[in-house]
Each structure stands twice: as C-alpha cells, then as structure tokens.
Amino acid sequence: MCTFVSNQNIYKVDKTPEQLQEIFEWYAQWLLTDAESPQELIEWLCDNVNPKALDTIVSTYESNNK
C-alpha cells in the first residue's frame, strides 16, 4: 500500500508502487488514444494534483479494465 502526504494529511491508496506505475502508464496511453477531451483532463489533473486526482486516475483505470 502506498502512502502520500499532502498538506500534512496522510492519504492511503490500496495499490503497490508497481500497480500505480501500471495504472499511470495505462492512463497516459488512454489519454492519448481514447479520452474524449484529453486536454481538459490533463488541465484538470494539473490543477488538482491531490488525492482526488489519484482517485480519479485509479477509478478510471479500474472501470476500463474490468
């Protein structure tokens, strides 16, 4: 499990570093090939680099890879 510290809050995600790497690689490819509005998603991620963004990436991966 990975732990992230943001603004002195501890955030835990139930993924190993290896799983997160796979998810981030998949998400980057998904943005390039299948996302309907990739620029908007990238801008949103840049503006929201926090646990919510991580949740969004993980949930997008999980919903597209069932």
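Contact means heavy atoms within 4.5 Å. The model treated here is predicted.

**Exercise 1. Describe the fold of the protein chain and its contacts across the sequence.**

Step 1. Count the elements: the protein chain has 3 helices and 2 strands.
Step 2. From the N terminus, the elements run β-β-α-α-α.
Step 3. Take the contacts between residues at least 6 apart in sequence. Of these, 43% join residues at least 24 apart.

**Exercise 2. Determine how H1 and H3 are oriented, and which residues meet.**

Step 1. Packed helices are described by the angle between their axes and the distance between the axes.
Step 2. Read them off. Helix H1 spans residues 17-33 and helix H3 residues 51-64. They pack at about 80°, with axes 10 Å apart.
Step 3. Classify. Angles of 65 to 115 degrees count as roughly perpendicular, so H1 and H3 are roughly perpendicular to each other.
Step 4. List the partners. H1 brings Leu20, Glu22, Ile23, Phe24, Trp26, Tyr27 and Trp30. H3 answers with Leu54, Ile57, Val58, Thr60, Tyr61 and Asn64.
Step 5. Sort by class: the contact has 10 nonpolar, 2 polar and 1 charged residues.

**Exercise 3. Summarise burial and surface.**

Step 1. Of the 66 residues in the protein chain, 27% are buried.
Step 2. The chain exposes about 5,000 Å². Carbon and sulfur atoms supply 49% of that area.

Conventions: Residues are numbered from 1 along each chain as its sequence is written. This is a predicted model: local features need pLDDT of at least 70, side-chain atom pairs count only at pLDDT 80 or more; totals for chains, interfaces and linings use all residues. Side-chain values use heavy atoms; hydrogens and water are left out. Axes are lines fitted to C-alpha atoms, for helices over the stretch in contact, and angles run from 0 to 180 degrees between N-to-C directions. Helices (H or I, at least four residues) and strands (E, at least two) are DSSP runs, numbered from the N terminus. Angles under 35 degrees count as roughly parallel, over 145 as roughly antiparallel, 65 to 115 as roughly perpendicular and the rest as oblique. Ala, Val, Leu, Ile, Met, Phe, Trp, Tyr, Cys and Pro count as nonpolar, Asp, Glu, Lys and Arg as charged, and the others, Gly among them, as polar. Buried means under 20% relative accessible area, exposed over 50%, partly exposed in between (1.4 Å probe, protein chains only). Accessible areas come from the Shrake-Rupley method with a 1.4 Å probe; for residues, only the protein chains shown count as cover.
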